[in-house]
Amino acid sequence: MYNEKKGSPEFGTPLFSLRSLQMPHPHACKPCRDTSLFCKRTEKDYFRSEQIGHFTMHPAYTYIKERLQPLFHEAESVAMAKHILTEVFGLSTLALYTGENTDLDTADYEKLDTIVARLQAEEPLQYILGYTYFGGRKFAVTPAVLIPRPETAELVEWIAQEHTGTAPRLLDIGTGSGCIAVSLAILLPEADITAWDISPEALAIARQNARTNHANVRFAEVDILRYEVAQPSTYEVIVSNPPYITESEKADMEAHVLNWEPHSALFAPPQDALAFYRRIAETGMQLLTPGGALYFEINRQFASEVTDVLRTSGYEKICLRQDMSGHDRMIKAIRP
């Protein structure tokens, strides 16, 4: 679904709003034309059920899917329809596939209309809902933070596997929503974890996620490009998923990413696509203890360049890993 930052799921385009019609609301009871009355009879008048195999799908499922399919692949439309109806409206899987116990009130229909409208305006579903799941845990997200990607969860898993049973002092640079730091605080309960970000708005979301997930993480507002090391050899592990998309890639990006997600978290400096990697590698040589590990998520186009940056910065035992899609996505290096 998310092969890379610019390839996040496609949530998008302009809704024909039910409320814009100059006539009784389509959900209104046909005999009385009461525009405020939503009954089971009129739900069936407006919503068309869809037969899938032996199941008659919930009519609201068909409504969502049909309005999203001109914009998204069918699999995405199906996934979003199911997610909205189960997560937002609390429908059970049984109700979704049989249409049982499907009564929705006026407020539900209005809410559904609004959600579909926002999706068709190319707003990511995660921002509409205000949360996403990362590594099986719920994280608040707003346009102040990047929506966590599954590839980043692979990076977290790699770090957790290599440090299970230890108590490393760990630094997450550019924490955003806090998904890396919070997840590692849970997976490595003995670790002492600090997370930095330049954005106060992002740090507010990260702190909220730490509280919600009962994770012990220290947060600080730090601009890594201007940071001067005061206490060397402070950490055994440093991890960063820095901005790595180049200006030249903008033309290929989906509108729901380009128009909604924070550019400061997406794009590398135009004059130097490796600026963050270079700076973090240099700083890491001072902040890491001897034998300490530096982990990066990377732009798959720059695997060899990031490797060169690490090597010229003095790191050893450089290890490159691919993500679930077979792309070069993560790299680890050891401070001698």
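Trainee: Which residue in S9 stands opposite Val239?

Mentor: Tyr295 does. Bear in mind that this is a predicted model, where local features need pLDDT of at least 70 and side-chain atom pairs count only at pLDDT 80 or more, while totals for chains, interfaces and linings use all residues. Numbering runs from 1 along each chain as its sequence is written, and side-chain values use heavy atoms, leaving out hydrogens and water.

Trainee: Why are S8 and S9 said to pair?

Mentor: Two strands pair if DSSP finds at least two bridges between them. S8 (residues 235–240) and S9 have five, in the parallel sense, so they pass. S9 also has five bridges to S11 (residues 328–334), in the antiparallel sense. There, Tyr295 is partnered by Lys332.

Trainee: Why is Tyr235 called buried?

Mentor: Buried means under 20% relative accessible area (exposed is over 50%, partly exposed in between; 1.4 Å probe, protein chains only). Tyr235, in S8, sits at 10%, so it counts as buried.

Trainee: What does Tyr235 touch, leaving out residues up to four places away in sequence?

Mentor: Contact means heavy atoms within 4.5 Å. The partners of Tyr235 include Trp196, Arg169, Leu287, Leu288 and Thr289.

Terms used
Helices (H or I, at least four residues) and strands (E, at least two) are DSSP runs, numbered from the N terminus.
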